Amino acid sequence: MDFKDSPAEAAFRSESRAWLLDNAPDYCISDDAEITENELVQKALAWQRHKYTAGFAAITWPQEMGGRGGTILEAMVFGEEEAKYKLPMPAFISVGLSMAIPTIRKHGTPEQLDRFARDTLEGNIIWCQLFSEPAAGSDLANLSTRAVKDGDNWIITGQKVWSSWAHHADWGILLARTNPDVPKHKGISFFVLDMRSSGIEVRPIKQISGASDFNETFLTEVVVPDSCRIGAEGEGWACAMTTLMSERLSSGEDDTSHAKQLIELASMVTRDSGEPALESSALRARISDLYVREEGLRHFTSRMRTRLSQGKPLGAEAALAKLVYANNLQEGSALAMDIEEFDGLFLEEPHAHRTRSHSDYIWSTAMRVAGGADEVLKNQLSERVLGMPGEFRMDKNVPFSELKNA
Amino acid sequence: MDFKDSPAEAAFRSESRAWLLDNAPDYCISDDAEITENELVQKALAWQRHKYTAGFAAITWPQEMGGRGGTILEAMVFGEEEAKYKLPMPAFISVGLSMAIPTIRKHGTPEQLDRFARDTLEGNIIWCQLFSEPAAGSDLANLSTRAVKDGDNWIITGQKVWSSWAHHADWGILLARTNPDVPKHKGISFFVLDMRSSGIEVRPIKQISGASDFNETFLTEVVVPDSCRIGAEGEGWACAMTTLMSERLSSGEDDTSHAKQLIELASMVTRDSGEPALESSALRARISDLYVREEGLRHFTSRMRTRLSQGKPLGAEAALAKLVYANNLQEGSALAMDIEEFDGLFLEEPHAHRTRSHSDYIWSTAMRVAGGADEVLKNQLSERVLGMPGEFRMDKNVPFSELKNA
Amino acid sequence: MNFDLSEEQEMLREQVGRLFTRECPASLLRSTVDDGAQYNLPLWNSLSELGVLGAVIPEDLGGVGLTELDLCVVLEQAGRVLAPIPLYSSICLGAEIILALGSEAQQEHWLPKLASGEKRAALAYPQGMGVLATRDSAVNLKSGLLSGKTGPCGDADSADIIVVTVPQNDGWQLCLVEASHPGITVEALQGFDQLRQHSRIEFKDVAVEPLGNPVGAKTLEILECRTAVYVAFEQIGGAQACLEMALAYTKERPIFSRPLASYQSTKHKLADVFVAIELARSNAYYAAWAMEAGSDDLVAACAAARISATQAFELASRENQQLHGGIGYTWEADCHFYYRRSRLLALNCGSQEIWQDRLISALAKTASGD
Amino acid sequence: MNFDLSEEQEMLREQVGRLFTRECPASLLRSTVDDGAQYNLPLWNSLSELGVLGAVIPEDLGGVGLTELDLCVVLEQAGRVLAPIPLYSSICLGAEIILALGSEAQQEHWLPKLASGEKRAALAYPQGMGVLATRDSAVNLKSGLLSGKTGPCGDADSADIIVVTVPQNDGWQLCLVEASHPGITVEALQGFDQLRQHSRIEFKDVAVEPLGNPVGAKTLEILECRTAVYVAFEQIGGAQACLEMALAYTKERPIFSRPLASYQSTKHKLADVFVAIELARSNAYYAAWAMEAGSDDLVAACAAARISATQAFELASRENQQLHGGIGYTWEADCHFYYRRSRLLALNCGSQEIWQDRLISALAKTASGD
């Protein structure tokens, strides 16, 4: 067991660090920069393009796809170094690189891969994800967006929710029901959707944070050529699993130690006795609990990465990372407010950390739900890792069209 | 709202207190008394008899049954005062008074009630309960003890577990399956069983505490006259519900404040700094959590009793009491050990409280399971109080004899 | 013993509950946020017309002379709908303190106006802990003139009078001042809870009226204990609303073709919430009785109510949010108002740690017979 | 980076695991309790034959010269079956301290014997906290003579030598003494865990050998940190055994005609246990690496391993007990051995509060750059 870089890793780290030092600063966006959404998008694409030129855009992809042909550990090393800069990497980047292309690569044709892989890598495509629907969240296979065959085209109608960047996107990855007369997991197909097609309306969703980072996307008789179908008809569920497994791996990467930040905060806040808040053993207990869960998660992630790097398959264990991360975020942000007591509830200069704890406490509720709710993840862990029986399902062998809630 | 006695209650309290002062001490058993099981049984029966003579044996029963015809609140008042003495009241007393007789009263014939009520009240009968089986615990209706009709008798064969005092008992209350060809809840009947019948073998169960407070009872072709059937054939499940609801109400009556004991303990234990352990805010937080749950439970019980005294029905809310009680016991006894740290794990003079915390930590595991496991109680609360849907049941309408695990 | 609401209290509960249900729908909450958390005057007036604002104020001071529990019943209902009115600030803090410490003249002048709702009070803490009796203070009083900037003060924007605590020698001086005084600046804060406006109040040599003589920690502790019970009822109302929302939603929402409510994880989660609420409610009833009866164990009773109500509301609001899934994350859902409010009420009158400390200290004192 | 056991370590784990599974069935635990928690000599000898007792002892001192993680692998397997042998006492406490502080002569004399299992050591704490560096002490050392009665000492009954810590001026003196000394009385205690004998040791003017010079708190803290990691692996082994027992039982046990394991409450409970174990295991791996590498964050790494392993074992042992229902309450079931053991390991080398305090102090120091 070794936490330190191997000589090869160390060499790659030096190389990455040197390149980033020369190149990253020009693309950074400081915390207090006032920047429009459009500028952000352009800057993100430019950074992506720049990395591509230098061969850092996709460390693990084969060189013939425009990647570097490197190892997973090298990708981690570059990611760690890159994370030291405030570079613009909005979600559409990972929707393309970590979801769309891996799915096309596994399930699509060589032509489809050619069409999208290098363009995505070069920062020429903004992707969005069109999976969830109002009645298809945890139960994603319950989706009711319909795709009806019409010659060489599909006519697609339905409503998608929670698609970030849909209003900027060039292409979307889309799940639609191509056959309602088979059980629900079996009648779904996976498409790439040209977001410039007519019949697409994107409306922002106002969130509880006040922001609108997500959209509802209404599709009304949108015409999609059959060549945009990825994988076979009815293979959509398998494609979606590929997409979502890739997502699961990329999430939880933020390994900020909130516990350490809280220690710093609590050593600066004084109680009425004049002592720092950190002297309280009750507070120490709560920060400890958070710390050991954050550290445990960090090292768990290293274990999973080691496994991946050894070519071993990653099971549903990865669900653990998201589950623990989201709950830590909720606990940690509440604790940050508690440390400052009543004052902690109010945003004031110079307490920038409060902005963070408030938004984290709100965002944690999304994290506990998105990409597999806590309860779904625990089901997965118990079924796929611990081998416990599946939930009783009354929808398993019933055609979608006969389900009560269809 | 008033926590204090009404004038009538206060008068009854004085009366009870005075009578107990004169009569209870002769029957008390001190903590360090060395007494055989037989002596305990005799002393418990004698105390019961003595209360009966004085009209305190069953406060709420009608006078014609040998009771006092009093109110539930009077019964509470007497119970509170009686609890101030170390009187012998082993479980068989409540099996008789709180389970057997209420069930016979509701479901049995007047003759049956005559036969058993007054004798139980007078301390002439030791009762035991023969409900659970190795494969019928939480799923009690899954019991497989068979009762086969033979003229005016039933021939009963099967195995019962967790019957306390069965080796001393005169009579048992028994559930047996009289019809295996109907769904499982419907084929059960309720009997009273003369424990002197031939074909009964009682074996002690060695528990994890080291003691053997419970038995396995093996029934081999025991002959039971039909006159010992309580309620109609197949009405056994309804009878059992009556029995168990009565039990639910009597449990959780121990309102010892473990939290207060822990405060006392923690103020006497000193830490290496020389300060009392109680100065630690981490410890204060843990004791507080226990205290508010114990106090909350105490006041919740008062609310339920108020309801009962107003003649309002008590729902599954009573499940809450057992659930909270058992978990408090586990937390509280672990905390007692934690307060004394490593030392807390060893029984030594003069630390009698350790004997208590060790046995409580063990006993709490039984409490979390017996008479409705935590999980069953939460099901009950969610279904009967919150109106949530029942668990999916594949055994509901299937004859018992066709069930896989029958 | 009778540990339940009286028939009159049940009626009060229904009456107030109906009023809030009718006049404070969730749409009012959304518009309140849009309006910058201004309190709702029509709702305030309706409540005032019911006469419940003066519940615990004696009849000869313009009140109704009911018991603390009656006021608690009102607070629970207000907490249930998150009523955007200065009920807690004006009645449970302002009027409460004037009633406890004010001179006869001050009481006669202000209490009838507060009881009728015509005027409103607010309380400014001397610092940011939500606690009255602290040595740490950002305001000071010299020769009757108050200076400095206070801790967060709820509903200051709607207040006609402001009550302030200032450490003074070995004790604390409570003071009263009219909000319109030119030396007062009210600086609105951006708070986590979007439905109740909080501000810091800056005093520049403001002449204030003392509310009686300086008092000791014990007096302030009792005031805070009483206050905490009112908040506990607000919290229980909020928690109960969360439980009901979660039940209603999960019974309707199908997942894998059966209601979300039919999953055992949902059932046990909500059973846990129910248990937490019932324990908190039982503690709160007892504390209300202890206030009314002036019971010896007042501090422990109130602290227990406070601690368990905070736990219940925190749990209920989080899990309600969780069970609503993606929908719950949209502004159009109502869960988030409770999710934010639970944090406000967890900290606006002392953190859990402060109350745990008070609880154990009070119990240790009783045990050692001090 | 390679954050996993090496192939050799995987082999070691399998080998030791097989040995324990074969030679330490649950029936051995029951007979051990009946025999008054005497350690099992055949099992001890088998382990000694494998050569793993000397895992971290250098080769020239009779050991194998492997890494700490190798020894941790053995501890995890011992914890999985609750092996009734003085592995922790003799190797992780006794040999560890002699290796850290003993003179060359002491090391040469004792370590080969401990490594071979021929002799056994035990550690007596100066009081009842399970902590070395305390001012409070029930034993004292005057002119080389030790007197007083120690805190609970595990496996003293099987020990040939006893290591004791005594506060001395500003530091602590560690001492070594042969258990056969006539001035020593070993008084067996009735412990909550029935499988590991603990005793208090009474010294009456016993001449002891010093283990090096007096040391400071920092040195003892590092020793305790290392010890805690070994215990963490024992705890993780125990927790893992609980999870496996619970899985096996609930998959077999029908309730309402379907397996107990098919209920979502069972599934989520065991998912929670799994998560707790994996987090603890990850922290423990890191701590073992930090020991091996002498990493700067050794204290924080070990404390985190200790804290999360205690949480995991406590949770796993309770819920395993719970899922076994009535059966679990019978002596014939095996759950109770783990339920009791989890309490022993939670307290035998410092309580959670002690470790939480150490963790935060270490992190705060790092943050402030001390």
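**View 1. The outward side of helix α3(C), in a predicted model.** Turned away from the buried side of α3(C) is a face with the exposed residues C:Leu41, C:Pro42 and C:Glu49. Exposed here is a count: 12 or fewer other C-beta atoms within 10 Å of a residue's own, against 20 or more for buried and partly exposed in between, with C-beta atoms placed from the backbone. Helices are DSSP runs of H or I with at least four residues, strands are E runs of at least two, and both are numbered from the N terminus. This is a predicted model, so local features need pLDDT of at least 70 and side-chain atom pairs count only at pLDDT 80 or more, while totals for chains, interfaces and linings use all residues. Residues are numbered from 1 along each chain as its sequence is written, and chains are lettered from A, ligands numbered from 1, in the order in which they are written.

**View 2. The inward side of α3(C).** This helix covers residues 41-50 of chain C, and its buried members are C:Leu43, C:Trp44 and C:Leu47. Seen down the helix axis, they fall within an arc of 100°, so they line one face of α3(C); the arc is that of the directions from the axis to the C-beta atoms. Part of the cover over these buried residues comes from α1 (7-23) of chain C.

**View 3. Around C:Val229 in the nonpolar core.** The largest nonpolar core has 382 residues, and those with the most contacts inside it are C:Val229, C:Ala287, D:Val229 and D:Ala287. Such a core is a set of buried Ala, Val, Leu, Ile, Met, Phe, Trp, Tyr and Cys residues joined through C-beta atoms within 7 Å. Leaving out residues up to four places away in sequence, C:Val229 touches C:Cys72, C:Ala284, C:Ala287, C:Ala288, C:Met291, C:Cys302 and C:Ala305. Contact means C-beta atoms, placed from the backbone, within 7 Å.

**View 4. Where chain A meets chain D.** Chain A puts 39 residues into this contact and chain D 37 residues. On the chain A side, α7 (258-268), α8 (281-309), α9 (318-340) and α11 (374-385) each supply at least two residues. The largest share, 16 residues, belongs to α8(A).

**View 5. Chain A on its own.** Chain A has 11 helices and nine strands. Its C-alpha trace spans about 75 × 50 × 45 Å along the principal axes. Of its 406 residues, 46% count as buried.

Notes:
Contact = placed C-beta atoms within 7 Å.
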